[in-house]
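Hi,

Here is the structure I said I'd pass on. Have a look at it first, and my notes follow below.

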Amino acid sequence: MGAAPGRQVEVRHIMGTAVSIHALTAPGADVDARPAMEACFAELREADRVFSPYREDSDISRIRRGELTIEQAAPDVAEVAAACSQWEESTQGRFSARWRGGFDPTGYVKGWAVERAAVRHLAPLVLQPGVIAAGINAGGDIQLFTADDSDWVWHVGIADPGRPGEVVATVDVRNGAVATSGSAERGRHIIDPRTGEPVDHVVSATVVGDGRAAADVWATAAAVAGFDDLSWLAGADTRMGILLDGAGRVRRWTGATPVSVQPASVGVPA
């Protein structure tokens, strides 16, 4: 067995959550990933300055108070507004940034900002000699990168809401994103934009995709759709996913195909 890779980790509290960045390096490699990490953190702080609904001076707060229009705000606001409109259409209303009567892209912007910052600063990092992989975890949702010439694979555990500290499944990812939504961590905080009512029939919806922003949106749409409705799946660009409800039921899919997983029969290797 070869030597374990080196690991550089930095953690900051940004956008209301803990954000950790990990860089894995080849044994003995003289690589300092901290400049790329700090650049990534700086971009997230700027996104928080513009989009935070909890900061009175943010562009979003000023828009909601009628002091600023989207067109007058920072250019990123118009980009996010356009993306949210597209996602509302793609999810058939299961995701919306306007359901409360004003523009509030909170459910989208964190995933968008994390993915953008990671692509700009961490993806180039894995092109450097000696860097094996890099990834960012923001509030439990992640974006991952692996060097082409590395055999490294990220093993991502999906938490079991019914058993704290345990996982219900593990997914292997080289490059991509994993996002989870549902009522398990924060209670009934997800709202169905079509009705304005909170939903709690899915305690955990996890989506694996290419990018964090899309994975985040589809995880939210899955939670809103509910455990028994996978009609949205045909129009979603996801690699795989898993739903859990309060009764302990589990649904999985790969691509746009639901997968039924049955326990192995006695005497048959799993």
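Predicted model: local features only at pLDDT ≥ 70, side-chain atom pairs only at ≥ 80, totals over all residues.

Now to helix H1 (residues 34-51) and helix H4 (residues 106-121). Their axes come within 9 Å and cross at roughly 150 degrees, so H1 and H4 are roughly antiparallel to each other. The crossing is right-handed.

Which residues make that contact? From H1 there are Ala-36, Ala-39, Cys-40, Glu-43, Leu-44, Ala-47 and Phe-51, and they meet Val-109, Trp-112, Ala-113, Val-114, Arg-116, Ala-117, Ala-118, Arg-120 and His-121 in H4. By type, the contact is made up of twelve nonpolar residues, one polar and three charged.

H4 also passes a length check: its 16 residues should span 22 Å at 1.5 Å a residue, which agrees with the 23 Å between its end C-alpha atoms. Its buried residues are Tyr-108, Val-109, Gly-111, Trp-112, Ala-113, Val-114, Arg-116, Ala-117 and Ala-118. Besides H1, those buried residues pack against helix H3 (75-90), strand E3 (131-138), strand E4 (141-146) and helix H5 (212-225).

Ile-60 has 0% relative accessibility, so it counts as buried. Leaving aside neighbours within four places in sequence, Ile-60 touches Val-50, Phe-51, Val-77, Phe-103 and Pro-105. Ala-74 is 14 residues away from Ile-60 in sequence, with 9.8 Å between their C-alpha atoms.

Cheers

How values were computed
Residues numbered from 1 in each chain as written. Heavy atoms only, no water. Axes fitted to C-alpha atoms, helices over the stretch in contact; angles between N-to-C directions. Helix = DSSP H or I, 4+ residues; strand = E, 2+ residues; numbered from the N terminus. Parallel < 35°, antiparallel > 145°, perpendicular 65-115°, else oblique. Left-handed = near helix turned anticlockwise from the far one by under 90°. Contact = heavy atoms within 4.5 Å. Nonpolar A, V, L, I, M, F, W, Y, C, P; charged D, E, K, R; others polar. Expected span 1.5 Å × (residues − 1). Buried < 20%, exposed > 50% of the residue type's maximum accessible area, 1.4 Å probe, protein only.
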